[in-house]
Amino acid sequence: MFAEQAPSAPSAETRPPGEAGPGNELLVVDGVTKLFGPLRALDEVSLRVNSGEVLGLVGPNGSGKTTVINVISGLLEPTSGEVRLNGQRVSGLAPHRLARKGINRTFQIPKPFPELTVSENLKVAVHASRLADAEILELVGLGGGAERLASELTASDQKRLDLARALVTGPRLLLVDELGAGLSKSELDELAVILRRLVAELGITLLVVEHLLGFLEQVTDKVTVLNAGAIIFSGVLSEALADPTVIKVFIGE
Ligand SMILES: Nc1ncnc2c1ncn2[C@@H]1O[C@H](COP(=O)(O)OP(=O)(O)OP(=O)(O)O)[C@@H](O)[C@H]1O
Ligand SMILES: [Mg+2]
């Protein structure tokens, strides 16, 4: 993530193909429980994401989505259970070490350095992408905005900057936390195109936390649904929308 000295890890694009673990599994979250005092924020959560896939993670407010991302990206240690990348246990490692291993994330509320320009905000991140910063800014739709101050960006552009900041680290697994929240329909459509390009052109595997199912379905049809820290559905998005338990959780009774 931020301000670490230049890593030697190869980027997603330069790593040899077929490197993933059994069955092409890139990410395995295995029976992860996370307690905050008496609160069981995650209860035996298990999920798998194959290399090159996009998995959507949905659920009501407070169901544990961000906590899943925080555990995978190393911001939080699981109370029990483990996270594996390519079959190798990575839970417990610090975020900057996970970044070098190819895991990065965006934040639900981006926090760029406000007094730095867009370009300077990227420079402080560890770089391992084969793409130049300018190419990444172009890709996320901030081309031409490199010299703007981060404090002057709209909420939508701050999200693009946060995405760019994650991308310069050359992730093979990118965890995206509610990129769509607060954006207009056209901004959402643009972001969906960007996410699809990350997968198709850069070979990045995505875990996409999202409230907006219309946005999610532009990016994937595979979804896991969390409720109160536990997984209540894993499968195809259209089937999730017809699942009585999922409907009950989303609509309430
Ligand atoms: N660092 C923390 N300390 C204590 N409780 C926490 C912490 N982080 C999250 N929680 C609690 O854990 C539960 C899950 O929170 P989390 O942020 O993962 O939910 P979420 O699904 O991302 O919600 P939202 O849709 O509102 O972003 C909530 O009850 C939250 O209050
Ligand atoms: Mg959240």
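## Around ligand 1

How do the residues of the shell around ligand 1 divide into nonpolar, polar and charged? In this predicted model, eight of them are polar, three are nonpolar and one is charged.

You can find these residues yourself in the structure. Ligand 1 is surrounded by F36, L39 and A41, by the run G59, N61, G62, S63, G64, K65, T66 and T67, and by Q108. Two elements, strand β2 (39-50) and helix α1 (65-72), each supply at least two residues of this shell. Helix α1 gives the most, with three residues.

## The open sheet

Strand β2 also has a place in a sheet. Four strands line up in the order β2-β1-β4-β5, forming an open sheet with antiparallel pairing. At its edges are β2 and β5 (88-89), each of which pairs on one side only.

Now look at how β2 is joined to its partner. Strand β1 (residues 25-36) runs antiparallel to β2, and eight bridges connect the two.

## The nonpolar core

In soluble globular proteins, nonpolar side chains tend to be buried together. Here, the largest nonpolar core has 65 residues. Which of its members touch the most others? They are A164, L206 and V208.

Let's take L206 as an example. Setting aside neighbours within four places in sequence, L206 is in contact with V54, L174, V176, L195, L198 and V199.

How values were computed: Residues numbered from 1 in each chain as written. Chains lettered and ligands numbered in written order. Predicted model: local features only at pLDDT ≥ 70, side-chain atom pairs only at ≥ 80, totals over all residues. Core = buried A, V, L, I, M, F, W, Y, C linked by C-beta atoms within 7 Å. Buried ≥ 20, exposed ≤ 12 C-beta atoms within 10 Å, placed from the backbone. Contact = placed C-beta atoms within 7 Å. Near = placed C-beta within 6 Å. Nonpolar A, V, L, I, M, F, W, Y, C, P; charged D, E, K, R; others polar. Pairing = 2+ DSSP bridges.
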